[in-house]
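Please read these points with the model open beside you.

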Amino acid sequence: MNSENKIIDESKQGEAIMVETENLVSTSSTVKTKKLFLESYGCQMNFSDSEIVASILMNKGFTTTQNFEEADVIFVNTCAIREGAESKVRNRLNDFKRVKLKNPKALVGVLGCMAERLKTQFLEQEKLVDMVVGPDAYRDLPNLIEQAEDGHRAINVILSKEETYADLTPVRLGTNGVTAFISITRGCDNMCSFCVVPFTRGRERSRDPESIVNEAKDLFNNGYREVTLLGQNVDSYLWAGGGLSRRDPFGKKETLTEEQKANSVNFAQLMEKVAMINADLRVRFSTSHPKDMNDEVLYMMAKHNNICNNIHLPVQSGNSKVLEMMNRGYTREWYEERMKAIRKIIPNCGISTDIISGFCGETDEEHKDTLSLMEIVKYDYAYMFMYSERPKTLAERKYKDDVPEEIKKKRLQEIVDLQRKHSAIRTTEGVGKIHRVLIEGFSKKSDEMLMGRNEQNTVVVFPKQNHKKGDYVNVYADRCTPSTLIGEVV
Ligand code: SAH
Ligand code: SF4
Ligand code: F3S
């Protein structure tokens with residue numbers, strides 16, 4: 001999430017990553033140093049997984065490079081959420097293939113959601129790919145690399161019901177040294193009809209709270225001042241001794257034994273444990289699900305000053321019939337009621353969302369319901385997408401992708417235009433107020449200016465003076481652009 005108002009285009013999300021050597025713990029001395037190039041696409045969870053991959057391989061003696069032409073192993077961590085995300089990866093593979101033609105010993109591996117979705121098909125379709133590795137198989141990477149070095153094409157796409165990589169310390173990649181992400185759940189049990197994630201990431205499982213708290217403590221001791229707890233549906237986090245998932249794919253609650261109940265940790269409780277580490281450690285989380293986000297979570301946010309007043313609550317559509325076809329498990333009325341609860345319990349809460357235009361069968365009237373809901377909520381920020389049919393999903397099997405491309409585009413444009421207006425309104429509301437800002441670094445435009453975010457996640461820019469990264473400052477905003485507040489430290 002960030003507070004720019006734009007359509008997310010996966011083609012811009014690929015990011016070559018350099019590992020900071022100060023994060024290096026230990027490397028095996030027996031193995032000759034090999035160079036790893038790692039590029040990530042998709043959601044934050046994928047970027048977080050890349051930090052696990054880096055950790056596993058650096059412990060095997062790899063160093064990383066930002067130049068794929070000199071790499072011994074090239075890994076691309078992929079996203080399958082929309083067709084566009086996959087095309088981007090296929091184009092990128094062509095660049096990597098050129099390297100292989102020059103240096104036949106270089107290995108190319110595809111990781112993540114697209115690897116999991118296509119499995120062996122990937123090896124058939126992309127002849128120059130040596131390894132295909134799904135998101136639950138990263139511990140097997142050293143072994144798979146060995147197989148590939150021996151001239152075999154290697155694949156492991158086994159999904160797990162238990163793997164959370166809880167015992168591994170991620171190597172922080174591309175970090176600003178102030179903010180970091182911590183995965184708290186993996187997989188998703190929701191089966192929204194448009195979504196490929198349950199197929200690429202498998203069953204939902206929660207990670208041991210102790211390992212989460214320890215990771216956050218380590219980050220704090222290393223100078224980090226903000227952690228974002230990550231999951232596809234953080235509200236369904238539940239630790240009952242063995243990472244039990246709360247429900248089966250169709251919403252039936254699993255019953256815990258009395259003993260498990262007494263010892264269990266839910267999302268609100270987990271958040272509190274992390275917030276109690278230190279008042280100077282900010283806590284954020286993503287993504288909340290409207291059907292599961294309860295008042296207990298909201299009251300916990302209100303109780304702790306360092307839990308940021310900011311919620312990403314994807315609505316997808318403002319029409320109850322469309323929501324039902326999407327299998328989202330809530331109606332427009334339910335969503336509006338949740339909004340009222342947020343506004344009541346946490347006044348001054350930043351709210352962002354995800355919206356899909358042109359889902360199967362969506363009429364003009366139904367699209368207008370999305371616009372009218374946006375008018376009611378006035379989101380601070382939104383990620384907006386045209387519906388893209390994904391193989392194997394419920395929607396692909398049950399419904400026709402029958403909204404013509406031009407209409408999807410036109411509706412998306414209307415959504416984007418309206419959101420742009422609302423983002424500007426929300427940013428303007430911050431003018432004339434004092435904001436507590438955690439400094440993340442220099443502003444993009446000038447080394448004389450610093451940037452950070454307020455609790456609502458809006459970017460705030462101000463003159464550097466004697467302040468530095470990692471400090472908290474109070475900034476009085478006296479003006480703004482549509483997405484950024486500008487002011488001075490008071
Ligand atoms: N777990 C999160 C969403 C993860 S995917 C949640 O439930 O809210 C991020 C966003 O991508 C979704 O919120 C949705 O808006 C969008 N998305 C997912 N599948 C899509 C598809 N097939 N076509 C277009 N957008 C899609
Ligand atoms: Fe996909 Fe729905 Fe799970 Fe989000 S909650 S990852 S949209 S299935
Ligand atoms: Fe993409 Fe997989 Fe995330 S499909 S959005 S990288 S969970």
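Which residues have the most contacts inside the largest nonpolar core? The points below start from there.

1. The model is predicted, and this applies to every point in this note. Its largest nonpolar core has 68 residues, and Leu229, Met271 and Ile311 are those with the most contacts inside it. Helix H9, residues 267-275, gives the most to this core, with six residues.

2. Leaving aside neighbours within four places in sequence, Leu229 is in contact with residues including Ile182, Ile184, Ile212 and Val234. The list of its contacts also holds Phe267, Leu270, Met271 and Val274. Arg284 and Ser286 are among its contacts too, as are Val283 and Phe285. As background, nonpolar side chains tend to be buried together in soluble globular proteins.

3. There is also a second, separate core, made of 26 residues. Met58, Ala148, Leu168 and Leu173 are included in it.

4. Next, the strands. An open sheet of three strands runs in the order S15-S16-S17, with parallel pairing. S15 and S17 are at the edges with a single partner strand each, so one side of each has no neighbour in the sheet. From one strand to the next, the twist averages 10 degrees.

5. The pairings can be followed residue by residue. Strand S15 (residues 310-312) pairs with S16 over three bridges, in the parallel sense. Asn310 has Gly350 of S16 as its bridge partner. S16 pairs with strand S17 (residues 381-386) over six bridges, also in the parallel sense. Here the bridge partner of Ile356 is Phe385 in S17, and Asp354 stands opposite Tyr383 of S17. In general, the strands of a sheet pair through backbone hydrogen bonds.

6. Is strand S16 buried or exposed? Eight of the eight residues of S16 (residues 350-357) are buried, so the strand is largely enclosed by the rest of the structure. Both faces are covered: Gly350, Ser352, Asp354 and Ile356 are buried on one side, and Ile351, Thr353, Ile355 and Ser357 are buried on the other.

Note on methods. Residues numbered from 1 in each chain as written. Chains lettered and ligands numbered in written order. Predicted model: local features only at pLDDT ≥ 70, side-chain atom pairs only at ≥ 80, totals over all residues. Heavy atoms only, no water. Buried < 20%, exposed > 50% of the residue type's maximum accessible area, 1.4 Å probe, protein only. Helix = DSSP H or I, 4+ residues; strand = E, 2+ residues; numbered from the N terminus. Pairing = 2+ DSSP bridges. Axes fitted to C-alpha atoms, helices over the stretch in contact; angles between N-to-C directions. Core = buried A, V, L, I, M, F, W, Y, C linked by side-chain atoms within 4.5 Å. Contact = heavy atoms within 4.5 Å.
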